[in-house]
Amino acid sequence: MGNLIKIAFRNLYRQKRRTLLTIAIISVGVIAVLLFSALSGAFKNMMVGQITDSMLGHMQIHRKGYVSSLDNLPLDKTIDAKQMKKMGEILDRIPRVEAYSKRILMGGMLSNYMETTNIKVAGINPKDESIVTPLLTSRIKKGEMLKKGEILLPELVTKGMNLKVGQSIVLIVNNVDGSVNGQNLKVAGIVESVVGPTGKYGYIHIDDAVTVLRMDKPEFSEIAIRLNKISSLDKVTRQISLEIVEMKNKEGEPIFEVHSWKELSPFYNIAKMIDLMSLFINILLVAIVLISILNVMIMAVYERIKEIGTLTAIGTLPGKIRTMFLMEGLFLGFFGSVAGSIIGIILIIATKFAHITIAFGRNENILIDPAIPFDQMALITLVSTIVAVLASLQPAIKASHMDPIEALRYS
Amino acid sequence: MNKIVELKNISKIYRAGEVDVPALKDITVDINKGTFVSFIGPSGSGKTTLLNLIGALDTPTSGILKVDGAETGRLSTKKRAIFRGENIGFIFQDFNLISVLTVYENVEYPLLMVKETPREERVKIVNALLEKTGMLDQKAKYPSQLSGGQKQRVAVARALTTSPRIVLADEPTANLDHDTAFMVISLMKKMRDESGVTFIFSTHDPKIVGVVDIIHTLEDGIIMKSEEVTHG
């Protein structure tokens, strides 16, 4: 094998210019894929981060059927205090859960004493919510995070009703029995709207939510959860599902359900589209590698017909001739991929330093932070190399099956 | 003397479209070990076909062909390749040296591809053969830097690297002038004398066969005449 490697190297060295050109073509393909993967990955991560960190959290627990009737914000599909305690114990046991925030969601009317408008409001514990959705604080354009007796109003509502920070408003809601209740609140801040579910909600303190809904004991609409690492999302979702499935109603059916952000946000489809585009670019790389190697190896076989004839005549086994050509393809693919990966990494680092920003939804100047995980880079290098070997297969088989008499006669 | 090649009623017919073209017709000939044999005849007389059969590059249409005791016509393609690697050395009319490899590398090539000889042994064998063929001082040169005679000397060295039992040379002097051709044939004879390897070559030039032991004359696929040459 060592000798075959040596000969394969020699053969590539013969046609220095062509070898370099092929390596360059493969490198360009790998660079394109790495850059695209890093940038699209960064965009995807940023997008997911904006959605999860601004409002959703990484996952949520609801009473079964709540999500399907989310538009009505039903107050009869809640998590009671006893169930919440049990749920808290489950979540506290899972080390990957960084924090969770209990929310009471409600729909109602907002009045500035002169005008009234519809509003959806989330009752939150500001401390917990700031951990679960860390971008909430940065969404507050004017004013500050709410305290008890205060409300954070969505930007569009304040514009429409000409509301300012510090002004008083009345929040009017129906409680679970249908009776109408109202509460005076002070505008603590104006919160920027974001695209997606609950992106245009106002926020009040969870104690105020309990008061305005005249609850004897707090009952929660949802629990938003933040994980240490979003990469463990599917694993933790499965784990929590398995645990809460044990909490059953009288009919023996599970009471609660877990939804990851993927099920709650329509942006998951965009994320999937980005993945699909990455796949398409990867297929393009495979095609580039395949065609360039195939072309080079076919040329190499035709140029060396007489040499193959000589090799066959002196007793070289077909398998060795095949291996020799496969090795050449392997080296072209390997060196092309490695060179491409090195240049690709340098370009990704350069892009990082270029501080490229984009606007997403209503958020501007979001920094794109391109990065490529090592395993993904290794996979791209491996796939390119394997494709190079596969592309060499047909010319290699052709060379190994060549009739020595015909080959020696070739001129 | 022991026979190393035995051909009994060998025929070879090629198919050209719908027509059968006989290249060899009922050839019967034996070649003894260590002899220096030449097949002469005009182009198309069947010399190359005969050498291809002896060299296990091809199989006869009919007849019995034994090379060093093995019926090569009955061997599979792979086994014939192994047989060639172990027993046959080839010298070609066009030298067939690899242009991008040096003289040394060309001679070394069969040891890398066929025998997988360790490096130290390779160096020893290649240098020894280059010295015997008078090409040691040219070992770093590329084929394009050599004359026709020098190229064929390299080809002779390459044919002997794997220590074959038989060396087959198809028109080894066709591309050389008379003096160079004679020098190459003399070198082959010298190598035969030193190694005891059987040399079989074909030529259409009767002037250079003076040094051979046996001359077989071929015409239209038939051996017309076989004569032993007495060297006085």
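Which residues is Ala388(A) in contact with, leaving aside its neighbours within four places in sequence?

**Entry 1: Ala388(A).** I worked from a predicted model. I looked up the contacts of Ala388(A) and, with neighbours within four places in sequence left aside, found Val289(A), Ile293(A), Gly329(A) and Gly333(A). I then placed the residue in the fold: Ala388(A) belongs to helix 13 of chain A, which covers residues 374-400.

I checked the accessibility next.

Ala388(A) and Leu332(A) are separated by 56 residues in sequence, yet their C-alpha atoms are 7.2 Å apart in space.

**Entry 2: chain A as a whole.** I noted 14 helices and 12 strands in chain A. The radius of gyration of the chain is 31 Å, whereas the globule rule gives 22 Å for 411 residues; I therefore recorded chain A as more spread out than a compact globule. Along the principal axes, the C-alpha atoms fill a box of roughly 100 × 50 × 30 Å.

I then turned to burial and contacts. I found that 51% of the 411 residues of chain A count as buried. Of the contacts between residues at least 6 apart in sequence, 79% join residues at least 24 apart.

How values were computed:
Residues are numbered from 1 along each chain as its sequence is written. Chains are lettered from A and ligands numbered from 1 in the order in which they are written. This is a predicted model: local features need pLDDT of at least 70, side-chain atom pairs count only at pLDDT 80 or more; totals for chains, interfaces and linings use all residues. Side-chain values use heavy atoms; hydrogens and water are left out. Helices (H or I, at least four residues) and strands (E, at least two) are DSSP runs, numbered from the N terminus. Contact means heavy atoms within 4.5 Å. The radius of gyration is taken over C-alpha atoms; the globule rule is 2.2 Å times the number of residues to the power 0.38. Buried means under 20% relative accessible area, exposed over 50%, partly exposed in between (1.4 Å probe, protein chains only).
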